[in-house]
Amino acid sequence: MSAGTPPTIVPDPDYRDGSREGRLRFSKRAEQHLRDELALHARKQCQKPMAAFAACAKENGMFVIFKCRALNNAMNACLSQYTSESKFEEWKQTRGLSLAEEA
């Protein structure tokens with residue numbers, strides 16, 4: 001660092017003050033964590049359609065768009081049945097209860 005350059009201050013991402021903004025950021029992070037958990041759960045439930053699409057994509061290269069369309073639609077349908085907004089609300093309720101029991 002040169003003599004004329006002020007030091008760079010990096011805020012601590014885990015720091016939360018008592019302000020409303022700090023609480024909102026924390027709740028958004030918690031919601032994103034729950035969405036990530038739900039996406040992982042969906043991927044576990046849809047392994048067969050995902051593997052079938054991946055194999056088709058590997059075989060067909062650039063023609064994946066045309067030759068694997070049905071498998072892509074099946075994979076997306078499977079994933080969307082687990083990741084819809086209504087399923088997310090259910091996931092929040094059940095996961096919130098289990099988090100409360102763990103605490």
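Trainee: Which handedness does the link of C46 and C78 have about the S-S bond?

Mentor: The link of C46 and C78 is left-handed, with -90° about the S-S bond. C46 lies in the loop between α1 and α2 and C78 in helix α4 (residues 69–83), so this pair ties together parts that are 32 residues apart in sequence. Helices here are DSSP runs of H or I with at least four residues, numbered from the N terminus.

Trainee: What kind of model is this?

Mentor: This is a predicted model, in which local features need pLDDT of at least 70, side-chain atom pairs count only at pLDDT 80 or more, and totals for chains, interfaces and linings use all residues. Residues are numbered from 1 along each chain as its sequence is written, and side-chain values use heavy atoms, with hydrogens and water left out.

Trainee: How many disulfides does the structure hold?

Mentor: The structure holds two disulfides, a disulfide being a pair of cysteine sulfur atoms within 2.5 Å. One joins C46 to C78, with S to S at 2.0 Å. Another joins C56 to C68, with S to S at 1.8 Å.

Trainee: Where do C56 and C68 lie?

Mentor: C56 is in helix α2 and C68 is in the loop between α3 and α4, so the pair ties together parts that are 12 residues apart in sequence. The link of C56 and C68 is left-handed, with -90° about the S-S bond.

Trainee: Buried or exposed, those two?

Mentor: C56 and C68 are both buried, where buried means under 20% relative accessible area, exposed over 50%, and partly exposed in between (1.4 Å probe, protein chains only). C46 and C78 are buried too.

Trainee: What pattern do the disulfides follow?

Mentor: The pattern is 1-4, 2-3, with bonded cysteines counted along the chain.

Trainee: New topic. Why does E37 count as buried?

Mentor: E37 counts as buried because its relative accessibility is 18%. E37 sits in helix α1 (residues 20–45).

Trainee: Which residues does E37 touch?

Mentor: E37 touches W91 and R95, not counting residues up to four places away in sequence. Contact means heavy atoms within 4.5 Å.

Trainee: And which residues make the nonpolar surface patch?

Mentor: M62, F63, I65 and F66 make a nonpolar surface patch of about 540 Å². M62 is in the loop between α2 (47–60) and α3 (64–67), and M62 is exposed, with a relative accessible area of 75%. Patch residues have over 30% relative accessible area and no salt bridge; like charges are joined within 9 Å, and nonpolar side chains (Val, Leu, Ile, Met, Phe, Trp, Tyr) within 5 Å. A salt bridge is a side-chain nitrogen of Lys or Arg within 4 Å of a carboxyl oxygen of Asp or Glu.

How values were computed
Helices (H or I, at least four residues) and strands (E, at least two) are DSSP runs, numbered from the N terminus. Accessible areas come from the Shrake-Rupley method with a 1.4 Å probe; for residues, only the protein chains shown count as cover.
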